[in-house]
Structures are given as structure tokens and as C-alpha cells.
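Keep the viewer open as you read.

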Amino acid sequence: MPAPARTIDTSGRLCPFPIVETAKAVKGLDEGAVLLVIATDPGIAQDMPMWCRATRNEHLGTFREGPAWKSFVRKRARVAKGAAR
Amino acid sequence: MTSRTVKAIGLVSGGLDSTLAVALLRRQGVEVKAVNFYTGLCVTETQRRKGGRADGTMPRNEALRAAADLEVDIEYVDISGAGYLDMLVHPKYGYGANANPCVDCRVFMMSRARQIMEAEGADFVFTGEVLGQRPKSQRRDTLRIVERDSGLTGRLLRPLSARLLEPTLPEREGLVDRSRLLDISGRSRLRQMALAEELGVADWPQPAGGCCYLTDEAFARKFFDVLDAREASGEGRRIVQDDVVLLSTGRHFRLSPRAKLVVSRTEVENALLERHVEGRARLAARDEVGPVALVEGEPTWEERVLAASIVARYGKGRDRAKVAVEWREDGAVEVYDVEPVRDEALVERLRI
């Protein structure tokens, strides 16, 4: 995995707060930078890929490590939204 | 129709109606930002926090799933604080069948949505509400109340029922084409299902009869018990965030107006109660496997013994003549050597 520009530890926080914290952290990143999110809420494995899909950030992977999960997200450049598909 | 980008804030639960509302507006080229409010009272969320359903499956976060499927940005907004809890206790428009002040709750959420609309420079707010679908909060009169009291007059669009309602400002200003909105009303979901097929919305949760604890009869009993007990003790009717977590956890017993016992039902609930020990007494059998329990308030000595006897009843020592139950409070430990309660009628009388 690429070296993260920032790491946030959401251990102990439950759904939806790991995602809330992720959203806040990604806002402060440069485009292309990687965020590492550490979480103990098992929902992160399901939620992070969906959040990335919704917000068009790149989900690089979520891995279990002992009691915690590590999730890597790359901030994508914003694209124009709202166009009918 | 306007040529500029139109932006809207959509309240998205991930259910079929809110998903369709998003899809309908996106079809008109509206840029949508989805908002999902965290109240701390969502049944599915609590199931997830407790490790999933009884069958071992983990419920999905439907709002997130819908936003991902529709490729719309989503923001979680935490409204579970004191202002929201105060509204739950003192609803201007009263409760539904249980502890659900749906109209006031909608006003609260729409007011926050209006703030987000203003901050984002969006043109309007929309929801998946359907006229006549719910007995209290989705009547024509209550839809109007919510719009007025939230400060969203003219700026709150319900795309699924829009053609049955007064045209909103975005419709009158040509930001949204009213002729491409719908006139759905009532509880049947047949039209929504047909629309889902037409719009390519393939994945949505089955309606589960409400995802909010406040509409649950057992939860409501416990909710009003807390308020009544606080009022009786002179504290006044109020509820705090800690109460909300505990109300959806364990078996609850009212020992007296001054004291309540909460006994966990599972290992996950044991862990959850352990996180709420502060300010409460923690009870557990000393020598046998059994539940963790908390006592709130100021129990008398007799009520302490009763609480310990109830805790003993739910542990592995339930068939023993005596069980040692540890009572930990403020760093001190007492042991109560009690007979597990076997009087079912007594237990049921105390159960909230």
C-alpha cells in the first residue's frame, strides 16, 4: 500500500462515525493523497468501499489486523456531478 | 428550464422512496448531495453495533449503499445531541402510536437540511416522502407544517408526490420540470416498484416496518419510564444520550421510582454495558458465568438485594441455592449472597 499522507484512528467509534471521520479527513487532503483509517467497527469493511464509490474517492483496500481494520483511501479529483446517466 | 447547474440537498435513508427521489431529480440533471441524519435511534444501526442480526448476517448501511449505487455524494449529520433529545421529550405536535414524535422530528431534520442547503449554496431540499403513506407525518397538513416550521417554505420538494402538492419555488422558477415529477399517494408501493424498474434502481431494502426505535412499543415503554421516573424524583422530564444507548440494550426492571436495573442478554450487550458503568453500579455473579448488569439511581438495601437476585437468575448459577453477586460502585465492591429469583410473576411485574 502507498504511504499514507495522514492516518486517523477511529478505534472505539461505531457506525457511522468512522465514515464521518473519514469524510472530514479526506476534505483536508490534497488530491491523490492517501488516507489510512484505523477502525474497530467491523462495519468499516462494508462501508468504506461504498462510501468511496459514492464520493468517487478510490478505495485501495481494507485489511483486518488483529482486532482492528486498516482501510486505505486515495483522494480523487472532484468531477462534475449531476449529469443524467 | 434553466441552463445553470441546479443543486439540491436530498434526505436519503436508502429506502426505495428516497432512492427514487434522488434518481428522478438526477434524471433532470439536478446535482444532488445526499444527507443522512444520525439520531442514535436507528434499529439497523444498533444491530450493526451489536455485531449483526441474530442469524449472523450484518445489515448494510442502506443510505451509503444507495449513495454509492446512484453515485451521489453523501454526508452524515449527527443530530443526536441535546437539542434533538429535548425535542423528543417535548414535541410540539405530540407523539404517534409510541414514542415517535414524527412531525417534530421531521421539522428538526428539515431545519438542519435548510442550514446545509444554505451553506452549500443549494437551491432546494427534497425527500422521498409520499403523500398519505404514513398516518401522521405524511398527511397533506403535516407536510405543510414541516415545510413551514423548518423555514423551507417553497423550498421543500417531494418529487414522488409533487404533482399532488402546491408547486414549489424550484418548480415555479423552472429549476425542476414539474411535468416529470410524480403524483404517487398512499401506502401501496406498486408504482414505486414500476418506477424503480424504469429508472434502473435494482437494489433496495424491503420495508421493515420502520427503522426507528421510537416507533417500537417496548422501547417506548422504557423511554416513558425514564421520563416518568425522573419527573417523580424531581429531576424533570429529560433524556440524555447515554439513556438512548441503554434503552435499546438488555432487559429493564423498575425496582422503584428511584432505581432501575438493566441486565444484558448477550456477550455483546455485556461489552456495551461495560462502557456505561460510570455513574452506575455494576453487578455480575462472582463465581459463575452470567450477565453484566447496571443499576441506576439510589436503591434501598432491599432493592439492592432484589437487583442481585434478578442478576443471579440470568446466570449459570440460576439453579443454585445461593449465588454471590458482586456490586461494584465508585471503586468499592460489595458481595450479595442471594437466592436467584424464581418468582416469574414478580419478575414480570418489575419488567419495563
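## The nonpolar cores

In this predicted model, the largest nonpolar core gathers 69 residues. Those with the most contacts inside this core are B:Ala8, B:Val12, B:Val22, B:Ala67 and B:Val125. Helix α5 of chain B, residues 102-120, contributes the largest share of the core, with 9 residues.

## Chain B as a whole

Now zoom out to chain B. Its C-alpha trace spans about 80 × 40 × 35 Å along the principal axes, and its secondary structure comes to 13 helices and 11 strands. Of its 352 residues, 44% count as buried. How many of the contacts between residues at least 6 apart in sequence join residues at least 24 apart? In chain B the share is 66%.

## Two domains in chain B

Chain B is divided into domain 1, residues 7-199, and domain 2, residues 216-350. Taken over C-alpha atoms, the centres of these two domains are separated by 37 Å. Where they meet, 11 residues of domain 1 are in contact with 15 residues of domain 2.

## Where chain A meets chain B

Between the chains, 18 residues of chain A are in contact with 25 residues of chain B. On the chain A side, α1 and α2 each supply at least two residues. Helix α2 of chain A gives the most, with 7 residues. The chain A residues that touch chain B divide into 11 nonpolar, 4 polar and 3 charged.

## Backbone details worth a look

The peptide bond from A:Cys15 to A:Pro16 is cis, with omega near 5 degrees. A:Pro16 sits in the loop between β1 (6-9) and α1 (17-27) of chain A.

The other two are residues other than glycine with positive phi. A:Arg56 has phi near 60 degrees, and it lies in the loop between α2 (44-55) and β3 (58-65) of chain A. B:Asp330 has a phi of about 50 degrees, and its place is the loop between β10 (323-329) and β11 (332-338) of chain B.

Is each of these two residues exposed or partly exposed? A:Arg56 counts as partly exposed because it has 16 C-beta neighbours inside 10 Å, a number that falls between the limits of 12 or fewer for exposed and 20 or more for buried. B:Asp330 has 7 other C-beta atoms within 10 Å, so this residue is exposed.

How values were computed
Residues are numbered from 1 along each chain as its sequence is written. Chains are lettered from A and ligands numbered from 1 in the order in which they are written. This is a predicted model: local features need pLDDT of at least 70, side-chain atom pairs count only at pLDDT 80 or more; totals for chains, interfaces and linings use all residues. A nonpolar core is a set of buried Ala, Val, Leu, Ile, Met, Phe, Trp, Tyr and Cys residues joined through C-beta atoms within 7 Å. Helices (H or I, at least four residues) and strands (E, at least two) are DSSP runs, numbered from the N terminus. Domain bounds come from an automatic or database domain assignment. Two residues are in contact if their C-beta atoms, placed from the backbone, lie within 7 Å. Ala, Val, Leu, Ile, Met, Phe, Trp, Tyr, Cys and Pro count as nonpolar, Asp, Glu, Lys and Arg as charged, and the others, Gly among them, as polar.
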